[in-house]
Amino acid sequence: MPALNLFYPLNEFYDEARLPLPSVTRVEPIEIPEPCRGILVHDLDMTPTLEDTYGGAIDLRVLKHSLRENVFSRQIVLTLRDGGGPVLFGAIKIYLDRFPDKARALVLEMKQPLGTILATQGIAHSSHPACYFSVAADALINDALQLTDPALLYGRQNVLSDSSQRTLAQVLEILPPCSYIETLASGRARN
């Protein structure tokens, strides 16, 4: 699979910024080290998975966004609510016409992660990871995840579907380094 497809929909933000794509390689789930594998390899929403991992609420920070017709694209960082730092960087395309009015308004407010909105609004859906990848963090990723050193990171493409199997959202999710996750998660468990 070409790197462009592996990095969808984040590649659209790179194109818009006229940045070259970082080095992206498709990987099998077994190749992803723990604890990253446990956070990525499942058919659940990422927001509650991160909340379980870190034992706290997750907030949304939108870096860039665009609305074209009924497709809302966002480049985002998910952070720990109590200032614990970034726990995910990525991009999402949300198909607004497939959401009830209240959920659509919440998405457009850009204050809550989509996973939180789906849960609080009781929207039946399923998660379908399409592939997993490793990526050599570039300046954009390092800035978003507040990294200072070169790192090989892991992520996934995921598709969220409604009960009629219509696509609600296409998501690309990249985790910080596995060592960072271990340190942060164990530190929070002690508190």
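User: How many cavities of 30 Å³ or more are there?

Analyst: Rolling a probe the size of a water molecule over the atoms shows where empty space is left. This is a predicted model. Its count comes to one cavity of 30 Å³ or more. The volume of that largest cavity is about 220 Å³.

User: Which residues lie nearest the centre of the largest cavity?

Analyst: Thr 47, Ile 92, Leu 114, Val 171 and Glu 173 do. They belong to a lining of 20 residues.

User: Which elements supply at least two residues of that lining?

Analyst: Two kinds of element do. The helices are H4 (46-54) and H6 (114-120). The strands are E3, E4 (86-95), E6 (152-162) and E7 (167-174). E4 gives the most, with four residues.

User: How do the lining residues divide into nonpolar, polar and charged?

Analyst: The lining of the largest cavity has 13 nonpolar residues, four polar and three charged.

User: How many bridges join E2 to E3?

Analyst: Ten bridges join strand E2 (residues 58-68) to strand E3 (residues 71-80), and the two run antiparallel. To follow the pairing, pick one residue and find its partner. For Ile 58, the bridge partner in E3 is Leu 80.

User: What do E2 and E3 form, and how many residues lie between them?

Analyst: They form a hairpin, with two residues between them. Look at Glu 69 in the turn: its phi is positive, about 55 degrees.

User: How many bridges does E5 share with E1, and how many with E6?

Analyst: Take E1 first. Strand E1 (residues 24-27) pairs with strand E5 (residues 125-136) over four bridges, in the antiparallel sense. Val 24 stands opposite Val 135 in E5. Next comes E6. Eleven bridges join E5 to E6, again antiparallel. Here His 128 stands opposite Val 159.

User: How many bridges join E6 to E7?

Analyst: There are seven, and these strands run antiparallel. Ser 161 stands opposite Thr 167 in E7.

User: Let us turn to rings. How many aromatic pairs does the structure hold?

Analyst: The structure holds two. Read a pair by the distance between centres and the angle between planes. For Phe 7 and Phe 133, the ring centres are 6.0 Å apart and the planes are at 75 degrees, so the pair is edge-to-face. Phe 7 lies in the loop between helix H1 (3-6) and helix H2 (10-16), and Phe 133 in strand E5, so the pair ties together parts 126 residues apart in sequence.

User: Last, the backbone. Which peptide bonds are cis?

Analyst: Most residues other than glycine have a negative phi, and most peptide bonds are trans. Among the cis bonds is the one that joins Tyr 8 and Pro 9, with omega about 5 degrees. Pro 9 is in the loop between H1 and H2. Another is the bond from Glu 34 to Pro 35, with omega near 5 degrees. Pro 35 lies in the loop between E1 and helix H3 (36-40).

User: What phi does Arg 18 have, and where does Arg 18 lie?

Analyst: Arg 18 has a positive phi of about 55 degrees, although it is not a glycine. Arg 18 is found in the loop between H2 and E1.

Conventions: Residues are numbered from 1 along each chain as its sequence is written. This is a predicted model: local features need pLDDT of at least 70, side-chain atom pairs count only at pLDDT 80 or more; totals for chains, interfaces and linings use all residues. Side-chain values use heavy atoms; hydrogens and water are left out. Two strands pair if DSSP finds at least two bridges between them. On a 1 Å grid over the protein atoms alone, a cavity is a set of points where a 1.4 Å probe fits but cannot get out, and a pocket is an open set with protein on both sides within 12 Å along at least five of seven lines; lining residues have an atom within 4 Å of a point. Grid points are joined across faces, edges and corners, and a volume is the space filled by probe spheres set on the points. Ala, Val, Leu, Ile, Met, Phe, Trp, Tyr, Cys and Pro count as nonpolar, Asp, Glu, Lys and Arg as charged, and the others, Gly among them, as polar. Rings of Phe, Tyr and Trp (its six-membered ring) pair if their centres lie within 6.5 Å; planes under 30 degrees apart count as stacked, over 60 as edge-to-face and the rest as tilted.
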